[in-house]
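Take a look at the model below. The paragraphs after it lead through its chains one step at a time.

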Amino acid sequence: MGYALDFGWLNDALGMIASGAVMTVFLIVVTSVAGTLLSIFGAIGRRSRHAILRKLVAGYVELIRNTPFLVQLFFIFFGLPRLGIRLDPVTAAILAMTLNMAAYSTEIVGAGLDAVPKGQTEAAKALGLRPRTIFIKIVLPQALKVIFPALTSQIVIMMLESAVVSQIAVRELTYEADMLQARTFRAFETYFVITLVYLGLSIALRRLLYAAGRRSIAGGMA
Amino acid sequence: MIEFTFWDIARNLLLAARWTVLLSVVAFAGGAIVGVAILLARISKRNWLRRSAQYYIGLFQGTPLLMQLFLLFFGLPLLGFRIEAWTAAVLGLTLCASAFLAEIWRGGVQSLPNGQWDAGSSLGLHYIAQLRLIILPQAFAITRAPTVGFLVQLIKSTALTSIIGFEELVRTSNAINNATFEPFTVYGLVALIYFVLCYPLTRYTKKLELRTAQR
């Protein structure tokens, strides 16, 4: 083999890698929070009394789930300016990721809501609680407890998917990797290191979410 | 400059979609074959084989597909293989699919009661025959819904191969967009084509899930 691996560039690149990783983490934190909140409304809409609202949410979920994230991203970043909506790369990335995340977790949250026994709502009604209080204090916490593992997986998948937003020049991990390999001509070594960073991030994210879930959700995870 | 009508755009995109379909089919078939091998390792009685398969699956599920494609595209030439975009695309998607499919099917195998294995042994079947005649057919039947669901995911994942230069739907759409400056139409149509490819499969998955739930 005539090729010797060279990681000599790594020392000078640590700053770039770190700033890329920070951007990736920032994207996923914003997306997870916004996407989960949105998906709670989505799941409520999916179970609404109004048929139009139900159909609308179902259509949105199917549209997002049956098209690639990359195409959604390009449509938002390159297509929307045609309608006069011009977004900078980071905003476009957050918007695309949030809409994507919301569609997937609408299904997840919905499954959680269905899993809460009807008796819980009835008991709360008997105690005279208002519908909104019942949903926020009684149903939602129990639903979140059931779906927490599925939601965690979805967040990790979204984090891995976020590598794609480098294509619209968001300066996250993959973008920094592209820059680094163009400068060092050490493409394989660069992507190898960045892949390891992603692997570490996904393991850490999963552990962190599980630990946080165990602590904050009453009674631990199902 | 050549003028592109709407139909020119649509026709070119549909022609490019053939490559998306072909890549999906090849990667799914390849992924199924390699996936069975990974599955066998994953449920093996040998500890080190099980461990290796577990790491293999964890590696592919814990890193972005885009990185996997980049590593193959830039890494294989270092080992002396001449490689083009389509080789890296097929290889990357196949390996990734094998990891996901093996994990789906493992769930199927482990959901079978131990009695199925015992019954096979008591009939005098050896390990391979037990797997081939009793265990795997049932495991595949149970996991048909998630398997088709993964096919949808795989079709969508082929979009990433455009980034390493494979001429499929998204890469062609980028080129058309650069020529026509009609991003709204072009990417809208691309989304529509993917939707038409994926939605029937999603519906089929739902039907399979309902059927399993009723049983």
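Read along the sequence, chain A runs α-α-α-α-α-α-α-α. That is 8 helices and 0 strands. Helices (H or I, at least four residues) and strands (E, at least two) are DSSP runs, numbered from the N terminus. The model is predicted: local features need pLDDT of at least 70, side-chain atom pairs count only at pLDDT 80 or more, and totals for chains, interfaces and linings use all residues. Residues are numbered from 1 along each chain as its sequence is written, while chains are lettered from A and ligands numbered from 1 in the order in which they are written.

Consider the overall dimensions of chain A. Its C-alpha atoms fill a box of roughly 75 × 45 × 30 Å, taken along the principal axes. The chain has 222 residues, and 42% of them are buried. A residue is buried if 20 or more other C-beta atoms lie within 10 Å of its own, exposed if 12 or fewer, and partly exposed in between; C-beta atoms are placed from the backbone. Two residues are in contact if their C-beta atoms, placed from the backbone, lie within 7 Å. Take the contacts in chain A with a separation of 6 or more: residues 24 or more positions apart account for 74% of them.

Now turn to the annotations. UniProt, in an unreviewed entry, places "domain: ABC transmembrane type-1" at residues 21-209 of chain A. UniProt positions are given in the numbering used here, feature names are shortened, and annotations may be inferred rather than shown by experiment. In the model, that span is 81% helix and 0% strand, and its end C-alpha atoms lie 18 Å apart. The UniProt label "transmembrane region" (unreviewed entry) covers residues 20-44, 56-80, 92-113 and 190-209 of chain A. Residues 20-44 of chain A are 100% helix and 0% strand, with end C-alpha atoms 36 Å apart. Residues 190-209 of chain A are also 100% helix and 0% strand, and here the ends are 28 Å apart.

UniProt lists "transmembrane region" (unreviewed entry) at residues 20-43, 55-79, 85-105 and 184-202 of chain B. Residues 85-105 of chain B are 100% helix and 0% strand, with the end C-alpha atoms 30 Å apart. For residues 184-202 of chain B, the figures are 100% helix, 0% strand and 26 Å.

How do the helices pack? In chain A, the axes of α1 (residues 10-46) and α8 come within 11 Å and cross at roughly 40°. Axes are lines fitted to C-alpha atoms, for helices over the stretch in contact, and angles run from 0 to 180 degrees between N-to-C directions. α1(A) and α8(A) are therefore oblique to each other. Angles under 35 degrees count as roughly parallel, over 145 as roughly antiparallel, 65 to 115 as roughly perpendicular and the rest as oblique. A:Leu10, A:Ile17, A:Ala21 and A:Thr24 of α1(A) meet A:Val193, A:Val197 and A:Leu201 of α8(A).

The axes of α1 (residues 6-42) and α4 (residues 85-111) of chain B come within 6 Å and cross at roughly 50°. They are therefore oblique to each other. Residues making the contact include B:Gly30, B:Gly31 and B:Gly35 of α1(B) and B:Ala97, B:Ser98 and B:Ala102 of α4(B).

Next, see where the chains meet. The contact takes 28 residues from chain B and 29 residues from chain A. On the chain B side, α3 (65-75), α7 (144-157), α8 (169-180) and α9 (183-214) each give two or more residues. α9(B) gives the most, with 11 residues.

The largest nonpolar core has 111 residues. Such a core is a set of buried Ala, Val, Leu, Ile, Met, Phe, Trp, Tyr and Cys residues joined through C-beta atoms within 7 Å. A:Val71, A:Leu73 and B:Val190 have the most contacts inside it. Leaving aside neighbours within four places in sequence, B:Val190 is in contact with A:Val71, B:Leu13, B:Leu169, B:Val170 and B:Ser173.

Finally, visit two loops of chain A. A:Ala169 lies between α6 (131-161) and α7 (173-184). This residue is not a glycine, yet its phi is positive, at about 65°. A:Ala169 counts as partly exposed because it has 14 C-beta neighbours inside 10 Å. A:Phe185 sits in the loop between α7 and α8 (187-216). A:Phe185 also has a positive phi, about 60°, although it is not a glycine. With 10 other C-beta atoms within 10 Å, A:Phe185 is exposed.
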